[in-house]
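User: Good morning. I would like to go through this structure with you, and I may jump between topics.
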Amino acid sequence: MLLELLTICVLGTVVYCVPYKTWHVAGVSLLYVIKYNILGMLAVMHDLWNIKRNKIDLPPMPAKIAIVTGGSRGIGAMVVKKLLQCDMEVIIACRTAIMGEKTVLQLRKSGVTNGRVKVYELDNSSLESVREFAERIKKEYTKVHILINNAGVMFPPYQQTKDGFEEQWAVNYLSHFLLTSLLLPLLKNGGQPDDCSRIINVTSCAYILGNSNFDSVNCRDKFVTQAVYAQSKLAQVIFTSTLQKCLTDRSLNVRIYSVHPGIVKTDLFNNSYLSKVKLLMIGFKTPEQGAIPIVYTAINKDIGMRGGLYINNCKESSILPKALEPKTQEQLFDLSLKQAQLNDFFQYL
């Protein structure tokens with residue numbers, strides 16, 4: 001009885017002394033951890049069930065030029081590998097050029113001798129870096145056929161970029177929104193009526209857990225990293241659907257897609273407890289397996305004229321209604337234009 005009374009007093013003191021905001025954030029974080037675990041298990045089961053479907057041929061495409069953000073490591077490096085095996089010219093856009101050069105050297109040593117590859121610096125946490133990268137590409141190229149928006153971060157502690165945005169929002173979504181707008185003239189030049197240029201947003205099934213209150217992503221007081229990651233991925237899916245409508249309305253030979261690569265064992269999980277318990281990652285895809293649906297979306301002829309799709313394990317999957325609501329799409333697009341300091345998404349055409 002005395003022990004029970006003492007326990008109640010201690011807990012009561014803790015609850016009284018710890019601010020409500022702290023309890024609220026801890027509770028929401030725990031709820032998201034539970035949701036992510038359930039979603040992750042279902043996604044791994046889906047990956048295993050569709051393992052035979054997750055494959056692709058790599059035909060020669062020597063005339064194609066592709067850009068891969070975050071192409072120096074993880075899934076991005078494997079995407080670069082497969083595009084080179086298609087004999088493309090591939091531009092690796094990464095934060096550190098030295099890392100990109102090391103990746104190229106490793107790929108060449110592994111036996112990938114075809115294709116051409118260049119490395120350019122691009123820091124997706126800086127909108128200034130995005131603009132500088134795009135300007136350099138425009139000076140050296142007149143057209144681009146494939147833009148793969150792959151760079152991403154997951155579950156970091158709160159960190160604000162120098163532009164004033166939460167890191168996951170900036171890297172995963174906003175930087176790619178701006179980059180796509182800046183490179184649209186080159187993508188337009190690369191597209192043909194029977195062979196459209198392609199924009200690919202590498203997203204995640206985590207978008208299912210995102211909410212559409214995008215004004216809250218930079219709120220530090222109630223920051224829950226898992227929630228913001230899901231919001232950034234939901235934004236990618238919404239952006240894909242919204243932009244495809246605009247591209248169609250303007251009769252541009254450019255198509256845009258969202259791709260879920262699967263649950264892939266990469267260093268993205270370094271900020272997750274899974275990185276400390278490797279046994280729990282059994283059944284996860286390898287980076288090379290995760291690259292397959294991305295490359296499929298980049299080169300498959302059957303979907304070449306059908307933009308706005310969400311691809312999972314090399315097949316079209318349905319999109320949740322919350323990502324297709326016109327009001328939400330309009331609000332996100334307007335917010336993104338303001339944050340990226342664009343007057344019009346198509347102002348560079």
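Predicted model: local features only at pLDDT ≥ 70, side-chain atom pairs only at ≥ 80, totals over all residues.

User: Fine. Which residue in β4 is the bridge partner of A66?
Analyst: The partner of A66 is I146. Strand β1 (residues 65-69) and β4 run parallel and are joined by three bridges.

User: And which residue in β5 partners I148?
Analyst: I148 has I200 as its bridge partner. Strand β5 (residues 197-202) runs parallel to β4, and four bridges join them.

User: Where do the side chains of β4 point, and are they buried or exposed?
Analyst: I146 and I148 point one way from β4 (residues 146-149), while L147 and N149 point the other way. All of these residues are buried. As a general rule, side chains in a regular strand alternate between the two faces of the sheet.

User: What unit do β4, α6 and β5 make?
Analyst: They make a β-α-β unit that is right-handed, with helix α6 covering residues 167-190.

User: Let us change topic. How many aromatic pairs does a search of the whole structure find?
Analyst: The search finds 16 aromatic pairs. In one of them, W169 and Y173 have ring centres 4.9 Å apart and planes at 55°, so this pair is tilted. Both W169 and Y173 are buried.

User: Why are W169 and Y173 separated by about one helical turn?
Analyst: Because they are four residues apart in helix α6, about one helical turn separates them. An α-helix has 3.6 residues a turn, so residues three or four places apart point the same way.

User: What kind of aromatic pair do F177 and F345 form?
Analyst: Their pair is edge-to-face, with 5.0 Å from centre to centre and 65° between the planes. F177 belongs to helix α6 and F345 to the segment after α9 (326-339), so the pair ties together parts that are 168 residues apart in sequence.

User: Are those two buried or exposed?
Analyst: F177 counts as buried because its relative accessibility is 0%. F345 is also buried, at a relative accessible area of 1%.

User: Which residues do ring pairs link into a cluster?
Analyst: The cluster consists of W169, Y173, F177, F214, F239, F333, F345 and F346.

User: How many residues has the largest nonpolar core?
Analyst: That core has 69 residues, and those with the most contacts inside it include W169, F177 and F345. Helix α6 supplies the largest share, twelve residues. In soluble globular proteins, nonpolar side chains tend to be buried together.

User: How many residues of α7 are buried?
Analyst: In α7, 22 of the 25 residues are buried, and the helix is mostly covered. Helix α7 (residues 225-249) reaches 36 Å from its first C-alpha to its last, close to the 36 Å expected at 1.5 Å a residue. Just after α7, S251 takes a positive phi of about 55°.

User: One last item: where is N300?
Analyst: N300 lies in the loop between α8 (287-299) and β7 (310-312). N300 is buried, since its relative accessible area is 16% and the cut-off is under 20%. The C-alpha atoms of N300 and I56 are separated by 8.5 Å, although these residues are 244 residues apart along the chain.

Definitions and conventions: Residues numbered from 1 in each chain as written. Heavy atoms only, no water. Buried < 20%, exposed > 50% of the residue type's maximum accessible area, 1.4 Å probe, protein only. Helix = DSSP H or I, 4+ residues; strand = E, 2+ residues; numbered from the N terminus. Pairing = 2+ DSSP bridges. Right-handed = clockwise from strand over helix to strand, strands pointing away. Expected span 1.5 Å × (residues − 1). Phe/Tyr/Trp six-rings, centres within 6.5 Å; stacked < 30°, edge-to-face > 60°. Core = buried A, V, L, I, M, F, W, Y, C linked by side-chain atoms within 4.5 Å.
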